[in-house]
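Here are my notes on the model you sent over.

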Amino acid sequence: MPDHDQIYQSEAERYDKLVSFEDVNHNLLHTIKRIVPALTESAVLDIGAGTGRLTTMLAPIAASITATDASGAMLEVASSKLSSLGLSNWKTAVARHDELPLGNSSVDLVTAGWTICYATSCNVEGWRSNLSVIMDEIRRVMKPGGTCIIFENFGTGSSVPNPPDFLTAYYAALENEYGFEHEAIRTDYHFETVEDAVSITNFFFGDWLSTQVQASNSPVVEEWAGVWWKRFD
């Protein structure tokens, strides 16, 4: 299995190329707009923003947006993409989820895409405590009536929802302990060629997926994303 920490620190541009082929039908933005119709009035915090997959979707719509990530290299790519949009309503900050660099009750929407899972998979010691601290920080920065939306892996290379076993306890905690609503959406990858699909998926996911892609002989890689959302009082 590839070392994702190493990828995030030293191969940010290659990672950004991977996600540029994801969500071919734009279901991520459609879902966010459905959950939070008043985006144009929202101050947004995108935690674990990476190279700006969600940030660049939301910046042209939101009133303001702050992108945080533990990797400065990832945020450099995000900043470059945001600058190219010609917007001035954004900023970035290197930060962990358990110590967000914002004041109390300062944002209307928190998004977290494929990021909280790294602290809350069942093979991480103290994952329940990690989740509690992260939820406390999200609650601290959230304005009354604000919304949190979390996206996580719900099955890559699968035609049906197929969440990883090591994340199902975390997912259950979001719903049963923290009161999040949940659904699954398609976020398929559509690469330009089968050869690109094989090489680019191998970089991040490893042989198990690239071998499957090669056998399918298709540039489309099926994927599901889990969506959890909650409005805070």
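1. Ground rules. This is a predicted model, so to speak of local features a pLDDT of at least 70 is needed, side-chain atom pairs count only at pLDDT 80 or more, and totals for chains, interfaces and linings use all residues. Residues are numbered from 1 along each chain as its sequence is written, and side-chain values use heavy atoms, with hydrogens and water left out.

2. The structure has eleven salt bridges (a side-chain nitrogen of Lys or Arg within 4 Å of a carboxyl oxygen of Asp or Glu). One of them pairs Lys 81 with Asp 16, with 2.7 Å between the closest N and O atoms. Lys 81 sits in helix H5 (residues 72-84) and Asp 16 in helix H2 (residues 12-19), so this pair ties together parts that are 65 residues apart in sequence. Helices here are DSSP runs of H or I with at least four residues, strands are runs of E with at least two, and both are numbered from the N terminus. Asp 16 is buried at 16% relative accessible area, whereas Lys 81 is partly exposed at 23%. For those words, buried means under 20% relative accessible area, exposed over 50%, and partly exposed in between, using a 1.4 Å probe and protein chains only.

3. Strand to helix. Glu 183 and Arg 34 form another salt bridge, their closest N and O atoms being 2.9 Å apart. This pair links distant parts of the chain, with Glu 183 in strand S6 (residues 181-186) and Arg 34 in helix H3 (residues 27-35), 149 residues apart. Both ends are partly exposed: Glu 183 has a relative accessible area of 21% and Arg 34 one of 48%.

4. Which residue meets Arg 186 in a salt bridge at 3.4 Å, N to O? The partner is Glu 222. Arg 186 belongs to strand S6, while Glu 222 is in the loop between strand S8 (220-221) and strand S9 (223-231), 36 residues away. Salt bridges with shared partners join Arg 186, Asp 188 and Glu 222 into one network. Arg 186 is partly exposed at 26% relative accessibility, and Glu 222 is partly exposed at 31%.

5. H9 against H10. The axes of helix H9 (residues 194-205) and helix H10 (residues 207-216) come within 7 Å and cross at roughly 165 degrees. Axes are lines fitted to C-alpha atoms, for helices over the stretch in contact, with angles from 0 to 180 degrees between N-to-C directions. H9 and H10 are therefore roughly antiparallel; the scheme calls angles under 35 degrees roughly parallel, over 145 roughly antiparallel, 65 to 115 roughly perpendicular and the rest oblique. Contact (heavy atoms within 4.5 Å) involves residues including Val 198 and Phe 205 of H9 and Trp 208 and Leu 209 of H10. By class, the contact has six nonpolar, four polar and one charged residues. Ala, Val, Leu, Ile, Met, Phe, Trp, Tyr, Cys and Pro count as nonpolar, Asp, Glu, Lys and Arg as charged, and the others, Gly among them, as polar.

6. H2 against H9. Here the axes of H2 and H9 come within 10 Å and cross at roughly 120 degrees. That makes H2 oblique to H9, and the crossing is left-handed. Arg 14, Tyr 15, Lys 17 and Leu 18 of H2 meet Ile 200, Phe 203, Phe 204 and Phe 205 of H9. The class count for H2 with H9 is six nonpolar, no polar and two charged residues.

7. His 4. This residue is in helix H1 (residues 4-10). Buried or exposed, at a relative accessible area of 13%? His 4 is buried, and it touches Tyr 118 and Phe 204, not counting residues up to four places away in sequence.

8. Backbone spots to look at. His 26 has a positive phi of about 60 degrees although it is not a glycine. His 26 lies in the loop between H2 and H3 and is exposed at 52% relative accessible area. Ser 105, also not a glycine, has a positive phi of about 50 degrees. Ser 105 is in the loop between strand S3 (90-94) and strand S4 (107-113) and is partly exposed at 41%.

Conventions
Left-handed = near helix turned anticlockwise from the far one by under 90°.
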